[in-house]
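Subject: Structure handover

Hello,

Here is the structure I promised you. Please open it alongside this note. My findings follow below.

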Amino acid sequence: MGTLPPVNPRSDHDLDRAAGAALLAWYDRHRRRMPWRVTRGRPDPYRVWLSEIMLQQTTVAAVTPYFERFTQRWPTVAALAAADEADVMAAWAGLGYYARARNLIACAKAVAAAGAFPTTAAGLRTLPGVGAYTSAAVAAIAFGEPVAVVDGNVERVVSRLLMLDVPPKRAPARVAAAVDAMMPPRRPGDFAQAMMDLGATICTPRKPVCSLCPLRAPCRAAAAGAAEDFPVKAPKKARAIWEGVVFAPFRPDGTCLFRIRPARGLLGGMPELFGSAWDIAPPAEPFAFAPFAARWQEAGVVTHGFTHAELSLRVFRADAAGGLHPPAGAFWKAPEEAGLPTLMKKAVARAA
Ligand code: SF4
């Protein structure tokens, strides 16, 4: 993969307002129709904000019916602020990421109390649940503020335009500078939506359609025939390997001995078998972690992947008769009634 020198060697990019104008001309013909978009004048900030919150980690197709139901039932931010919270949460059910719905209610109350939405990205950023991207999008689309609006689609487009040699998340200033260089002075909201639409429909993750792209002329990746090599990905971090031991004693009635994990941390507050902490080194004295002395037999190993680590647990089992003295906090329970997390279900199944 070769690197093209920039037209202006002192600049990070070859982009200018002519590129932005070409993109807007394309948008005027090919924009996606969405219920929160308007073709004339400025859209209602309430509808823009609501759509942007719903669209976080969610597709346009999934959001559209929710957006229509919400705006029919609560047509203004004041109506949403006055709504019964349980009704709003019920209307949100199925859209996922429920922290968004709680922030939605808090934000609607804050805006209703203030009388209107703040009109700048900096002001919008102070609202509950409104981060850097959402504040910029609402400021540009609803209030015409010329701010760079950068979502995943825009990062991909700019990475290709520049042949950005690092993952875009590591170069936010370079991405924003490229967007700023193209931004037309009059229609920043349409420009923001045009960049998003281009990323969603033309400059797609796989098989971008460069032959139909309004930014084909200044695009370095297209000129190099290397569009799909961008954005550059961050190298994956190797996951840590943890090791540990657990002990599964079974009584004749089929019950097994459990305890409750500490409230904080992995599997917090969940039931588990007795055993060691999970660490990068296996425990030197595994039987020191047994709940009591017994004829422990090794039953095998179970593995489990967490986000940052791969856990490997040695499982020991024993038949437990009467007269044992398990530690405080222990309880006997049938495994299927204990509400075990997947890892512990696997360990009990290995021991049974
Ligand atoms: S020319 Fe191709 S790679 Fe470049 S921005 Fe357009 S679609 Fe993306």
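The structure holds 13 aromatic pairs. Phenylalanine 70 and tryptophan 74 form one of them, an edge-to-face pair with 5.1 Å centre to centre and 65 degrees between the planes. Both phenylalanine 70 and tryptophan 74 are buried. Phenylalanine 287 and phenylalanine 316 also form an edge-to-face pair: 5.1 Å centre to centre, with 65 degrees between the planes. Please bear in mind that this is a predicted model.

The pair of phenylalanine 287 and phenylalanine 316 deserves a look in sequence terms. Phenylalanine 287 sits in the loop between β4 (274-275) and β5, while phenylalanine 316 belongs to strand β6, so the pair ties together parts that are 29 residues apart in sequence.

Next, the strands around β6. Strand β1 (residues 240-250) and strand β6 (residues 309-319) run parallel. They are joined by 11 bridges. Within this pairing, phenylalanine 250 stands opposite aspartate 319 in β6. Strand β5 (residues 297-305) runs antiparallel to β6, and 8 bridges join them. Histidine 304 has leucine 311 in β6 as its bridge partner. The link from β5 to β6 is a hairpin through 3 residues.

Now follow the chain on from β6. Where is alanine 320? Alanine 320 is in the loop between β6 and β7 (331-333). Its relative accessible area is 5%, so alanine 320 is buried. Alanine 320 and phenylalanine 250 are 70 residues apart along the chain, yet their C-alpha atoms are separated by 5.5 Å. Leaving aside neighbours within four places in sequence, alanine 320 is in contact with Pro249, Phe250, Arg251, Pro252, Phe292 and Trp332.

Threonine 71 is another site to check. This residue is found in helix α3 (residues 60-73). With a relative accessible area of 12%, threonine 71 is buried. A polar atom of the threonine 71 side chain lies 2.8 Å from the backbone oxygen of phenylalanine 67. Not counting residues up to four places away in sequence, threonine 71 touches Tyr46, Arg47 and Leu50.

On cysteines: how many disulfides does the structure hold? The number is 0. Cysteine 107 counts as buried because its relative accessibility is 1%. Cysteine 203 is at 10% relative accessibility, so cysteine 203 counts as buried as well. The cut-off for buried is under 20% relative accessible area.

Last, the overall layout. The protein chain is divided into domain 1 (17-229) and domain 2 (240-351). Their C-alpha centres lie 47 Å apart.

Strand β6 pairs with β1 through 11 bridges and with β5 through 8 bridges.

Best wishes

Methods:
Residues are numbered from 1 along each chain as its sequence is written. This is a predicted model: local features need pLDDT of at least 70, side-chain atom pairs count only at pLDDT 80 or more; totals for chains, interfaces and linings use all residues. Side-chain values use heavy atoms; hydrogens and water are left out. Two strands pair if DSSP finds at least two bridges between them. Helices (H or I, at least four residues) and strands (E, at least two) are DSSP runs, numbered from the N terminus. A disulfide is a pair of cysteine sulfur atoms within 2.5 Å. Buried means under 20% relative accessible area, exposed over 50%, partly exposed in between (1.4 Å probe, protein chains only). A polar contact is a pair of N or O atoms within 3.5 Å; within protein, one must be able to donate a hydrogen and the other to accept it, and residues adjacent in sequence count only if both atoms are side-chain atoms. Contact means heavy atoms within 4.5 Å. Domain bounds come from an automatic or database domain assignment. Rings of Phe, Tyr and Trp (its six-membered ring) pair if their centres lie within 6.5 Å; planes under 30 degrees apart count as stacked, over 60 as edge-to-face and the rest as tilted.
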